[in-house]
Amino acid sequence: MLDKVDVLIVGSGASGAAAAWSLADTKMRIVCLEQGGWMKQSDYPTNGRDWEARQFADFHPSPNRRNRPTDYPVNDDNSPIKVLNFNGVGGSTILYAAHYPRLHPSDFKVKSLDGVADDWPVDYATLEPFFAENDRMMGVSGLGGDPAYPAHTPPMPPLGLGKSGTRFAKAMNTLGWHWWPSDTTLTTTEYDGRAPCINLGHCTFGCAQGAKASTDITYWPHAIRAGVELRTHCRVSRIESGPDGMATGVVYFDADGVEQFQPAEVVILACNGIGTPRLLLNSATSRFPDGLANSSGQVGRNLMFHPYASIYGYVDEPLDGNRAPPLSLWSHEFYETDPSRGFVRGYSYQFGRGIGPISEAISSSAYGRLPWGTHHHDEYRRLLHRRIQMAAICEDLPEAHNRVTLDPKIRDSNGIPAPKIDYTISENSHRMLNHAIARASEILQAAGARDIGVDRPILFGGWHLLGTARMGDDPSRSVVNSWGRTHDVKNLFIVDGSLFTTSGGVNPTSTIQALALYIADQIKQRLATLFD
Amino acid sequence: MTDMMLTQAETDDLRALAGMIVPASATYKVPGADDDMIFADILKSLGRDRDDVRAALAQAGAKVGGSVAALDAAGRDKLATRLQADGGPQMAVLTRVVLLCYYRDDRVMISLGLEPRAPFPKGHVLEQGDWSLLDPVKARKPFWRQVPS
């Protein structure tokens, strides 16, 4: 048996890295187990001529399609939105667009404000210092003064507008609607050993320049220097618990496929909104027959994805295409509830630039814009780099029937039961998507676009895995308390997107990491009474 | 040319379909997707799409009752119209494999005015744009929703 550690973290992605770094200053013995390996910038797609093709293969965001040895299968057949992730040091920060909004203050109070779902047991003001600390650690570029947010100032200046951004800016000014340069985790200057962005343009699939913040190059070097041990290619199968109901450690398969038991005083889960409920459900015992920390029955329930719609058109001049970071502006004009719209809560827009030559050909062929045969070439030249596009990201309210369970048949390469997803898009979300698509069409028309197309919901759009072990003060309706400790197991913590009580209408990574830092800080402040 | 993963008949049909999807163009001075180099890339790139491509080839063969490669020009045009209308997901996969190899060929990229290179290390230049466009938004009062404490 391995030596007991003070803190065992499962997962090295957005939240696990932040928690590990924060806890390192306690000088406790901290080990993190990660099922994937270290990524190399020299292996990312933009190093090669096949850069665009690899997004359909070994860098596909769906683990089912990607099917690397480090991936686990997800049965998402019963969902109109497919689960996306990445398994490796850095987790899904390896494969994300670096768009980095915070949740709004109102997102933490939806019950009080709009009478739906539940209020969070924490609020924006509590998290604000951790948002700021996380911005410094990840390295955020952006522009202070956005009237859609409480004041905050990113440490680096924003990305350029480019041709696409200029068109969107003029269109939004014409309509009198809010827009602002988005916070991103792309460097626009030298920052903490990272070189500035050189517009490789394929940011989502890993940055060969190292300009995109993924936690393998932000938090982890600092955490490891501070003494945290990160073990790669270690896949955790279950959390063990003792007769006193406390977690005793975890069982995992090491790089050689040998089963190991790692004892620990404290276990922290950072496996995302699919991996964490999967692990809890796989840790059922006679004392916890419905899964660990699941006396509420809420583990795996309330899965929220953020239904996305992509809306795009074509203009009469070449724009930026894929030759710059894909996202650089946002609008929060329609973020808050307006009863006249016919739905509660709201959405934000992400303004894109364009797509690459292969993506344009494949997308336009699939949608019937690009014909086979002699007219192919003329039509393709009318489309290439003339696409202007945006996406609506809709708040997804929690519903108990949207859930993660264990698949009765499918197992990963270590024989561990795989997660199964059952998810439907709510009527409220459909109405929100309708509204967002209609307003986006107006924006695109104001930007001079023709041939407007819509993709709804984006099939491969399950980037945000939220809500499946939610925070709350009531142990009968939530899995963890207001500082991340599970109600049922007093030395078991969760720090990932599973915690989200509601989803907000923005990308969650910034808030996930701020929460992880907050929970780590709470652990540090409560060390003497942590298990009371 | 025969690839280990496809039979000769399948290879011939795939090449015929590739040429139907993207034919050569004298106007733009580009080869078709059935060009030797591009088609070799297609065969090499089937990878995880091989089974779907084989199914698509079988589907196309069933529609014409035999070999796609053996069709004359009129027969190919007729089949192309049918496959674009109701080819289904497996034909979409076949089309994707063809297109992702075609649009990375040096000759094609040069014809499109694109540099045939990887994005790294040269990158691209992005214009900053006119930030005075933001002035009307800066003039707006904060509108984030206040919350009860």
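Let's start with one side chain: is A:Arg278 buried or exposed? This is a predicted model, so everything I quote is computed from predicted coordinates. A:Arg278 comes out at 7% relative accessibility. The cut-off for buried is under 20%, so A:Arg278 counts as buried.

Where does A:Arg278 sit? It lies in helix α7 of chain A, residues 272-281. Its side chain makes a polar contact of 2.7 Å with the side chain of A:Asp412. A:Asp412 is also among the residues that A:Arg278 touches, leaving out those up to four places away in sequence.

Now salt bridges. Over all chains, the structure holds 45 of them. I'll pick a few.

First pick: A:Arg66 with A:Asp71, where the closest N and O atoms are 2.7 Å apart. Both of these residues are buried.

Next, A:Arg470 and A:Asp118, with a closest N to O distance of 3.4 Å. This pair links distant parts of the chain, 352 residues apart. A:Arg470 is in the loop between β15 and β16 of chain A, and A:Asp118 is in the loop between α3 and α4 of chain A. A:Arg470 counts as buried, because its relative accessibility is 7%. A:Asp118, at 17%, counts as buried too.

Then one in chain B. B:Asp36 and B:Arg15 meet in a salt bridge at 2.4 Å, N to O. B:Asp36 lies in helix α2 of chain B and B:Arg15 in helix α1 of chain B, so the bridge ties together parts 21 residues apart in sequence. How accessible is B:Asp36? Its relative accessible area is 48%, so it is partly exposed. B:Arg15 also counts as partly exposed, at 24%.

Salt bridges link A:Asp107, A:Asp114, A:Glu336, A:Arg345, A:Glu395 and B:Arg145.

Back to the loop between β15 and β16 of chain A for a moment. A:Ser476 lies in that loop, between residues 450-455 and 492-494. Its relative accessible area is 46%, so A:Ser476 is partly exposed. Its side chain makes a polar contact of 2.7 Å with that of A:Asp474. A:Arg225 is 251 residues from A:Ser476 along the chain, and their C-alpha atoms are 41 Å apart.

Two helices next, with a geometry check on each. Helix α11 of chain A covers residues 509-525.

Among the buried ones are B:Leu14, B:Leu17, B:Met20 and B:Ile21. What do the buried residues of α1(B) pack against? Within chain B, they meet α2, α3, α4 and α5; from chain A, they meet α9, residues 376-383.

That brings us to the interface. Chain B and chain A bury about 5,400 Å² between them. Carbon and sulfur atoms carry 66% of that area. In chain B, the residues losing the most area to chain A are B:Arg48, B:Leu126 and B:Arg145, together 14% of what that side buries. By contact, 57 residues come from chain B and 70 residues from chain A.

How many salt bridges cross between the chains? Six, by the rule used here. B:Arg140 forms a salt bridge with A:Glu333, with closest N and O atoms 2.8 Å apart. The interface also has 27 residue pairs in polar contact.

On the chain B side, α1, α4, α5, α6 and α7 each supply at least two residues. Helix α5(B) gives the most, with six residues. The chain B side divides into 35 nonpolar, nine polar and 13 charged residues.

That's my set. Questions, please.

Definitions and conventions. Residues numbered from 1 in each chain as written. Chains lettered and ligands numbered in written order. Predicted model: local features only at pLDDT ≥ 70, side-chain atom pairs only at ≥ 80, totals over all residues. Heavy atoms only, no water. Helix = DSSP H or I, 4+ residues; strand = E, 2+ residues; numbered from the N terminus. Expected span 1.5 Å × (residues − 1). Contact = heavy atoms within 4.5 Å. Buried area = accessible area lost by both parts, 1.4 Å probe. Salt bridge = Lys/Arg side-chain N within 4 Å of Asp/Glu carboxyl O. Polar contact = N/O pair within 3.5 Å; in protein donor to acceptor, adjacent residues only side chain to side chain. Nonpolar A, V, L, I, M, F, W, Y, C, P; charged D, E, K, R; others polar. Buried < 20%, exposed > 50% of the residue type's maximum accessible area, 1.4 Å probe, protein only.
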